[in-house]
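Visitor: I have a new model open and would like to learn how to read it. Could you walk me through it?

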Amino acid sequence: MRSWWPLTRMMVMSSLRSRVSLFFAFAFPLIFVFAFGYIFGGDDPARIRFVAAQLFTMIVIANGLFGLGNLLLMIRQKGVLRRLYTTPMSKHAVLSGVLAAWLLINSLTFVIVLGVFEAVFHAGIAHRAIALWVLFLLCASAIAGIAFVLASIVERPEGLAMGANALFFPMLFLSGLSIPMFFMPEWLQRIGRVMPSYAMLEFFRSLTENRPLGMMGMIYGIAIALVGIGGYMAAVAVYRWDPQQRLGKTQKVQLVTALALIFVIPRVGISLGQSVQQLRSWLTPRYIIAAGHVFDGDRVLPDSPIYIGIQDERIVFVSASVPDGWRSARIRDLRDAWVMPAMADLHAHLESPVIPVFDPTFSEEDRLRHDLIAGYVGSGITTVRSFGDDFKRLLELREIAEAGLRPYPRLLISGPILTAPGGHPLELPVFQWMSEEFRKRRVVEVADPDAARTALQALLREFRPDWIKIVYDAGDPTMFHTLPRLSRPTLQTLIQEAHRAGLRVAVHISKLEELRDAVLFGADMIEHIPLDAPIDDVTLAEMQRRGTIVCPTVFVIEGFRRQWGGMRIVDDFIRQRLLPPLRARLDRGGGFRRIEMIPEQYRPWIRDRMSAHVEQQLQTAYDNVKRLVNAGIPLVAGSDAGNPDVYHGPGLIHEVEALVRAGVTPLQALRAATAEAGHVVNMPIGRVRPGYVADLVILAQDPTTDVRRLRTLREVVYRGRFYAVEQLLR
Amino acid sequence: MAVVELHHLVKRYGHVEALRGMDLEIAEGEIFGLLGPNGAGKTTTVEILAGLRARDGGDVRVFGLDPESHRAQLITRMALQPQHFDFVENVTVREIVRLFGALYPNAPSDRVDRVLERLGLSDRLNVRFQALSGGQRQRLNIALTLIGDPQLVILDEPTTGLDPQARQQIHEFVREIRAAGKTVILTTHYLEEAEKLCDRVAIIDHGQVIACDCPRELVARFGGQTRIEFTCSDGDLSLAGLPGVTEVLREGNAWVCWSTDAGHTLEALFAMARERGVRLEQVGIRTPTLEDVFLQLTGRHFRD
Ligand SMILES: Nc1ncnc2c1ncn2[C@@H]1O[C@H](COP(=O)(O)OP(=O)(O)OP(=O)(O)O)[C@@H](O)[C@H]1O
Ligand SMILES: [Mg+2]
């Protein structure tokens with residue numbers, strides 16, 4: 001204290017008395033605040049808060065790299081460090097003295113910037129001022145480490161300017177500080193996410209947008225702190241008091257070590273989170289749920305109450321009494337509630353165009369929180385099979401979920417969709433808007449059997465998917481809407497090759513003829529259901545013999561009627577699971593409605609023509625669902641979320657309801673979403689039974705007599721952990 | 001006891017061999033001068049002593065320790081006033097002095113004020129660094145070195161750029177430091193300063209010590225002869241036989257002679273003049289100085 005405080009004081013005074021440093025510390029940031037505030041914020045506090053997170057991050061980084069770097073370089077050039085070297089002041093004292101001065105000046109900058117955000121733009125973030133300030137200083141310290149190193153390894157101000165720019169601009173452009181990250185190809189995003197600025201921005205954003213921090217916040221915090229510590233270590237290693245001194249060999253080794261430390265931090269963070277999670281599971285080893293009633297995935301258990309023992313994420317016993325060894329275990333009293341397995345959505349498109357991907361006010365975190373946490377787990381769904389999403393991103397999300405860092409649902413990943421050149425889903429507008437790269441990650445076009453083999457081999461070289469999804473669909477010829485479809489030999493080759501590689505295959509169809517081919521060639525699962533004709537008994541018998549499973553996606557077929565009729569289905573259950581801006585947008589009437597794309601004068605005519613057609617298709621679909629059930633073909637529930645009106649999470653409850661509308665009993669519909677799903681994906685999920693994963697939903701009312709009561713969800717148990725619904729929706 | 005020992009010290013800057021085998025021994029309680037022309041290696045030597053530069057060969061001991069490896073132990077016992085001094089702008093003398101004061105918590109509490117007063121900076125406390133005159137800056141430079149009350153004070157050209165009065169003050173202060181039992185090493189290229197102030201002087205040229213002793217001894221040994229000159233208008237003198245005289249020149253009334261024993265020569269000269277009734281006028285005596293020593297040793301004038 002004695003030695004660095006006077007240095008700190010002196011440096012602060014020197015800066016406050018210098019017009020140049022006053023300009024860079026205060027005027028310069030304010031110019032940005034006003035410019036960004038007026039241009040991007042307008043009068044909307046939500047946008048201002050969004051901009052505020054970016055500006056705080058930008059200011060803290062720019063100030064640090066340029067300002068602090070120059071400060072340190074200047075005092076070395078002037079011989080101040082050399083002079084201090086002949087005194088008892090240690091290099092630690094010098095660096096911490098300069099750092100402390102820097103933090104004081106930054107605090108002033110922070111107060112002024114926050115003041116402008118509040119007073120001029122009414123951002124409404126003042127109640128988090130202390131947390132923001134602490135974070136600002138944490139970030140300033142982390143950047144200081146880097147600036148110290150930079151100032152030590154360069155000789156002159158020009159060198160510093162070069163180095164600082166080389167660090168600043170990639171952070172500015174790649175980590176979401178200026179260009180939203182989802183505009184960029186995946187490999188660039190990956191680089192962006194490794195940068196300390198990404199962690200800083202996400203952390204600032206969670207504060208300005210009033211999100212709870214949770215485990216990820218902790219990890220971002222640790223990552224930022226580690227950058228600071230690594231930087232500081234490097235700075236001590238390469239500390240040069242004399243402009244003429246050169247770096248020694250050991251110093252260079254230390255420098256490289258410290259830099260490596262900075263760059264492996266994201267990985268370190270995740271492992272750290274894993275250990276914390278592990279620790280937590282040791283600390284809370286087991287407990288018992290006393291349930292009023294239990295639907296176990298197959299049937300309603302006769303007794304009440306029923307005791308469910310849970311240890312280490314798994315169900316250990318389900319019985320009418322507590323076994324001997326468990327008498328001391330904690331009991332969670334849910335005798336007033338219904339307990340059933342958490343559900344699975346086996347047909348989903350997670351990168352959905354329903355979510356406004358082009359709205360920059362949605363950070364990637366926001367979208368994931370909305371889709372995966374609030375939407376899925378918050379609706380009682382803990383397993384999701386994704387079709388046609390970018391598998392690399394999903395593998396990353398899965399890693400985060402497995403580490404227990406975020407309650408993302410369990411993900412089954414199919415990789416890109418295999419289809420005919422120009423076939424479904426390439427006719428969708430989103431593929432016209434997005435880049436070639438975007439399309440290649442999601443859809444693979446297969447022209448002939450040879451191409452089928454190469455495509456599968458190429459895919460398998462990249463990763464091993466849980467499923468293969470093939471589209472075999474020629475569109476709707478009766479409405480002159482035809483699409484290219486795989487040839488039969490190509491379909492056959494794809495299925496055979498996939499089976500040879502030990503993969504299971506789901507085939508998208510829309511007509512009876514397509515169903516027949518798919519069944520005949522050995523598809524394990526059929527996605528959707530014939531809309532053109534009733535399934536004949538021969539085909540049903542073949543399906544039975546082969547054990548083919550169907551995911552009929554009735555709700556999305558009902559959607560054609562909604563879209564051409566102009567009807568809306570946004571209810572409160574859905575609204576609570578949407579981000580506030582998106583909710584507001586839907587409440588204002590935004591969204592997708594095919595009928596509204598037709599000029600007003602043709603609407604009645606079109607409506608009549610289309611309504612009759614889609615009505616007929618829907619009745620065929622309903623009829624086919626019943627045929628399948630009567631023939632004993634297993635059905636599973638899949639929402640096809642990502643389509644208009646089908647929201648991630650609530651969409652599956654809609655699907656269960658739609659199955660009942662099609663003529664399936666409530667118990668059968670619930671089985672399709674639980675036990676059948678677990679059986680199909682071959683995982684110990686979807687049942688309340690010993691040995692199964694403790695994924696449960698707690699409902700206030702009996703869902704087995706009326707599936708709409710799935711909306712009376714109170715709590716979700718995911719991997720043995722309790723989540724209150726409000727907690728998931730926050 | 002030797003406070004500083006240099007043994008065959010070598011320092012190279014690329015191809016320039018700045019020090020080529022320096023040997024020195026500096027005792028406790030003395031004012032030791034390093035005297036040499038520009039580029040002789042004075043700064044290099046003292047900065048190696050202070051641990052600021054690394055040597056390329058030879059051995060260095062300060063208080064028996066190697067300053068390169070034992071900087072931490074030595075740093076509280078010695079202080080270096082660097083030849084060149086610059087500092088952060090926009091800070092006042094008071095703030096700078098307070099920073100250095102805080103680094104030496106064990107120095108006497110009135111030390112800072114005493115040092116400032118002795119160096120004539122007491123009324124400059126609120127002046128910002130960049131507003132100080134060159135001499136004031138140099139005085140601050142010296143002040144910062146003395147604040148910690150070190151056992152060994154190393155001053156690299158302390159009086160360069162100072163007016164005579166300030167120079168005098170510094171000399172007094174340095175003597176005071178010696179009186180307190182401390183050791184002072186200073187570099188200079190003022191010969192008179194070395195002669196007047198230093199107990200011992202090492203003359204350095206081209207990175208080597210070419211002579212080292214107390215100034216009087218040096219002069220006696222290497223300074224050569226005293227020059228005596230006068231005019232006498234009337235009468236004749238015969239100087240050749242006087243004690244110590246080695247050479248005599250006469251041009252009309254003006255006489256010059258050189259002597260190895262000025263005391264005896266003058267005694268005899270005045271006796272002869274009185275005896276012969278001759279009046280001596282404009283008598284001048286020039287005793288040899290370090291300049292002559294340098295000339296003698298190197299064959300060059302000190303400032304060529
Ligand atoms: N950092 C350096 N790099 C290269 N050469 C140097 C360096 N410092 C000193 N020298 C050279 O070493 C020699 C001795 O320099 P030094 O500064 O020790 O001399 P000095 O006796 O202090 O001179 P002055 O009276 O001018 O201060 C000179 O020839 C000088 O050019
Ligand atoms: Mg010098």
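**Where the chains meet**

Guide: Start with contacts, meaning heavy atoms within 4.5 Å: 30 residues of chain B are in contact with 24 residues of chain A. This is a predicted model, where local features need pLDDT of at least 70 and side-chain atom pairs count only at pLDDT 80 or more, while totals for chains, interfaces and linings use all residues. Residues are numbered from 1 along each chain as its sequence is written, chains are lettered from A and ligands numbered from 1 in the order in which they are written, and side-chain values use heavy atoms, with hydrogens and water left out.

Visitor: What is the area buried between chain B and chain A?

Guide: The size of an interface is often given as the accessible area lost when the parts come together. Buried area is what two parts lose that way (1.4 Å probe), summed over both. Here it's about 2600 Å² between chain B and chain A, and carbon and sulfur atoms give 60% of that.

Visitor: How many salt bridges does the rule find across the interface of chain B and chain A?

Guide: A salt bridge needs a side-chain nitrogen of Lys or Arg within 4 Å of a carboxyl oxygen of Asp or Glu. The rule finds four across this interface. Have a look at A:K78 and B:E89, whose side chains pair up in a salt bridge at 3.6 Å, N to O.

Visitor: Which element gives the largest share of the side of chain B that touches chain A?

Guide: Helices here are DSSP runs (H or I, at least four residues), numbered from the N terminus. It's α3(B), with seven residues. By class, that side of chain B has 16 nonpolar, six polar and eight charged residues, with Asp, Glu, Lys and Arg counted as charged, Ala, Val, Leu, Ile, Met, Phe, Trp, Tyr, Cys and Pro as nonpolar, and the others, Gly among them, as polar.

Visitor: Where does ligand 1 lie?

Guide: Between chains A and B. Counting residues with a heavy atom within 4 Å, 15 surround ligand 1, and the closest are A:Q244, B:G39, B:K42, B:T43 and B:T44. Helix α1 (residues 42-49) of chain B gives the most to this shell, three residues.

How values were computed:
Helices (H or I, at least four residues) and strands (E, at least two) are DSSP runs, numbered from the N terminus.
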